[in-house]
Amino acid sequence: MSETRRAFASVRATARLIAVKDLRIERRGRVLTNQVLPFALIVMVMFAFALDSDAVLERVAPGLVWLATLFSTLFVIARSFAVESADGALDQLRTTGAPSAGIFLGKALALMIQLLALVAVLVLAAVVLYRADISWQGGVLLVTTAVAATCGLAAVGTLYGGLSAGAKGRETLLPLLVLPVVAPVLIGATRATESAFGTNGIAVGEGWPWLVLLVVFAVLFSVTGAIAFGSLLDE
Amino acid sequence: MAHDLPVELNDAVAVLGAFPVLAGANLTVQRGEIVLLRGPNGAGKTTLLRLCAGLIELERGHGHVLGLDLSTQRWAVRHRVGLLGHANGLYADLTVTENVAFWGRTVGASDAEIAAAVKRMGLDGRLADVQVSRLSAGQRRRTALASLVARRAELWLLDEPHAGLDATGRDELDDVLRLAARAGATIMVASHELERAGTLATRQVEVVAGQVRELGATS
């Protein structure tokens, strides 16, 4: 096997190992299902109370879904790195010499899977609470949007989660770092979801260009994260 | 020149920020030795261990760990050493076996190697499937050491390994370390508990102001 192929195999094996471990910890701890998901649903309900108008809610439903996702993402990122720093596991990970790109991709993959589950529930909540309507074509756009957007969120979250993991005041630092950077995801995902829901008569076809933005964002931060994560951990 | 000793440092300088924590340290460790690092707080014991683990850069001088150059092969060094600091590096929600398996798999350990590591630290049977959050401090320490075994660490770098353990836990830990050294592991222990660590060690050195002074073999 060539050196490059061996390196890729090592990154893939590490990513799988980390992702399985993170998802197993989540399955045991149930923080997503027992804390983050209820929080996101409460945010959705509070928006419904605050806006108190079916017409307005129908119009802003896509934005509310992604805002609730964004806020909840911060908790999932914080949890993902809290389990690493609670007993010095992140330091141990460095000493294993496991490829940092594999560690990054594994943590991002586990985050993405959790965020996808979260978005699925929030879209369902939007349909029930805000009476959002989704056609078959809209459904395809929505699923693709969710995959691309959560991939971007997970990549940014893992990158900045790793950066702030050892920092003082990381709880407040993380939102300050993450929220401005993921603004393109919020905008792109909201516009694409508006098309999927047919909000204000927007056609499904108008949503696809926004998907390109989400894919470019996800690829950019996934590649940057995979390259830079080792230096971040070493700092 | 062949460098096949576990640790060879010549005039090693390591800097944290702008401050040289190790200032020309010289140290040689033979295979199977248990070396006690003595010295006051801030003398550079932890930095010496982290340098040997490939976690910090060698600023000047020469250093080889397990035959690998600390200047150019730090990443490869990390694969072959195990550093255990004040924390255990365990996941509280996972069981003993899941933790050991996770760390073992980072170097491609087989199921048999993982089971052997768990057994070697006396964690097989009922304890194997217990979540780490439910273990005593001593049992957690043994789980962390089992992870080092599963990771095939050839050089064990232990920073205050007795901290937080009761008398029974300390005795158990010493037994485990002696067994590991007999099985071929080389161990460096930084400790303030000189009486206990002194009886465990085969040799003692003192780290003072970033330099290493030989104190000789212990009986």
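**Note on a predicted two-chain model**

1. At 2% relative accessibility, B:Pro161 counts as buried (buried means under 20% relative accessible area, exposed over 50%, partly exposed in between, with a 1.4 Å probe and protein chains only). The residue sits in the loop between strand E7 (155-159) and helix H6 (167-182) of chain B. Helices (H or I, at least four residues) and strands (E, at least two) are DSSP runs, numbered from the N terminus.

2. The model is predicted: local features need pLDDT of at least 70, side-chain atom pairs count only at pLDDT 80 or more, and totals for chains, interfaces and linings use all residues. Residues are numbered from 1 along each chain as its sequence is written, chains are lettered from A and ligands numbered from 1 in the order in which they are written, and side-chain values use heavy atoms, with hydrogens and water left out.

3. What does B:Pro161 touch, leaving aside its neighbours within four places in sequence? It is in contact with B:Arg141, B:Leu173, B:Val189 and B:Ala190, where contact means heavy atoms within 4.5 Å. B:Leu173 is 12 residues from B:Pro161 in sequence, and the two C-alpha atoms are 8.2 Å apart in space.

4. Chain B as a whole has seven helices and 10 strands. Its radius of gyration is 17 Å, close to the 17 Å that the globule rule gives for 219 residues, so chain B is as compact as a globular protein of that length. The radius is taken over C-alpha atoms, and the rule is 2.2 Å times the number of residues to the power 0.38. Of the 219 residues of chain B, 57% count as buried. Among its contacts between residues at least 6 apart in sequence, 68% join residues at least 24 apart.

5. Chain A comes to nine helices and zero strands. Its radius of gyration is 18 Å, close to the 18 Å from the globule rule for 235 residues, so chain A is as compact as a globular protein of that length. Its C-alpha trace spans about 55 × 35 × 30 Å along the principal axes. Buried residues make up 50% of the 235 residues in chain A. For contacts in chain A between residues at least 6 apart in sequence, the share joining residues at least 24 apart is 83%.

6. A:Thr73 is found in helix H3 (residues 54-85) of chain A. Is A:Thr73 buried or exposed? A:Thr73 is buried, with a relative accessible area of 3%. Not counting residues up to four places away in sequence, A:Thr73 touches A:Leu115 and A:Leu153.

7. The contact between the chains takes 23 residues from chain A and 23 residues from chain B. Together the chains bury about 2200 Å², 56% of it on carbon and sulfur atoms. Buried area here is the accessible area (1.4 Å probe) that two parts lose on being put together, summed over both. A:Asp87, A:Gln92 and A:Thr95 supply 28% of the area that chain A buries against chain B, more than any other three residues.

8. Helix H3 (residues 96-105) of chain B is mostly covered, with eight of its 10 residues buried. Among them are B:Val100, B:Phe102 and B:Trp103. The buried residues of H3(B) pack against elements of both chains: helix H1 (3-29) and helix H4 (89-95) of chain A, and helix H4 (111-120) and helix H5 (137-150) of chain B.
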